[in-house]
Amino acid sequence: MPARIRNLIIRRGDSLQRQFNLIPGPEGDIASFTATLTIYNDDGSVLHSATSSNSELVPHNGYLTLDVSAATTTGMTLTGLSRRGNVSEPAPCGELPFSASGLLANYILRVTSPDSVTKTLLKGSVCFDGE
């Protein structure tokens, strides 16, 4: 199954908190997995890495939670980002999607099973709103 595409919006100085829901069933049970969400520039340089090791990305049974502090989003170095654009991000059910305009980067979210099988779950653009 290919990775789903989902964009993210980061407002520097605000916490970045998201829940990523998985398809129910045996494949959704990732509570014992490790996870990494890497935000990177077009040249491949890493802007930030949220991991289960630093407790910013936590796998659960059926979903992952992302919680990056406001201090961390403020401190992200955007040097080298040259693309600008608009992105939309899903909103809670019944609400219109969020949209933003600013500098663009990319991200990829991967999980690794206890027996070292790695799978890409999500990827997409990251927009630094207003930058």
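**View 1. The second largest pocket and the residues around it.** Arg4, Arg6, Arg18, Gln19, Phe20, Asn21 and Pro90 line the second largest pocket. Everything here comes from a predicted model, where local features need pLDDT of at least 70, side-chain atom pairs count only at pLDDT 80 or more, and totals for chains, interfaces and linings use all residues. Residues are numbered from 1 along each chain as its sequence is written, and side-chain values use heavy atoms, with hydrogens and water left out. A pocket, on a 1 Å grid over the protein atoms alone, is an open set of points where a 1.4 Å probe fits, with protein on both sides within 12 Å along at least five of seven lines; lining residues have an atom within 4 Å of a point. This one has a volume of about 150 Å³, counted as the space filled by probe spheres set on the points, which are joined across faces, edges and corners. Strand E3 gives the most to the lining, with four residues (strands are DSSP runs of E, at least two residues, and helices are runs of H or I, at least four, numbered from the N terminus). By type, the lining splits into two nonpolar, two polar and three charged residues; Ala, Val, Leu, Ile, Met, Phe, Trp, Tyr, Cys and Pro count as nonpolar, Asp, Glu, Lys and Arg as charged, and the others, Gly among them, as polar.

**View 2. Arg18 and Glu89, a salt bridge between two strands.** The closest N and O atoms of Arg18 and Glu89 are 2.3 Å apart (a salt bridge is a side-chain nitrogen of Lys or Arg within 4 Å of a carboxyl oxygen of Asp or Glu). Arg18 sits in strand E3 and Glu89 in strand E8 (residues 84–89), so the pair ties together parts that are 71 residues apart in sequence. Both residues are buried, where buried means under 20% relative accessible area, exposed over 50%, and partly exposed in between (1.4 Å probe, protein chains only).

**View 3. Asp42 and Arg83, a salt bridge between two loops.** Here the side chains meet at 2.8 Å, N to O. Asp42 is in the loop between strands E4 (34–40) and E5 (46–51), Arg83 in the loop between helix H1 (70–75) and E8, so parts 41 residues apart in sequence are tied together. Asp42 is partly exposed at 44% relative accessible area, and Arg83 is partly exposed at 29%. Elsewhere, salt bridges that share partners join Arg6, Arg18 and Glu89 into one network.

View 4. E3 (residues 16–21) pairs with E7 in the antiparallel sense over six bridges (pairing takes at least two DSSP bridges between two strands), and Phe20 stands opposite Leu64. E6 (residues 57–59) also runs antiparallel to E7, joined by three bridges, with Pro59 as the bridge partner of Leu64. Three residues separate E6 and E7 in a hairpin, and Gly62 in the turn has a positive phi of about 100 degrees.

**View 5. The largest nonpolar core.** Of its 27 residues, Leu37, Ile39, Leu64, Leu109 and Phe128 touch the most other members. Such a core is a set of buried Ala, Val, Leu, Ile, Met, Phe, Trp, Tyr and Cys residues joined through side-chain atoms within 4.5 Å.
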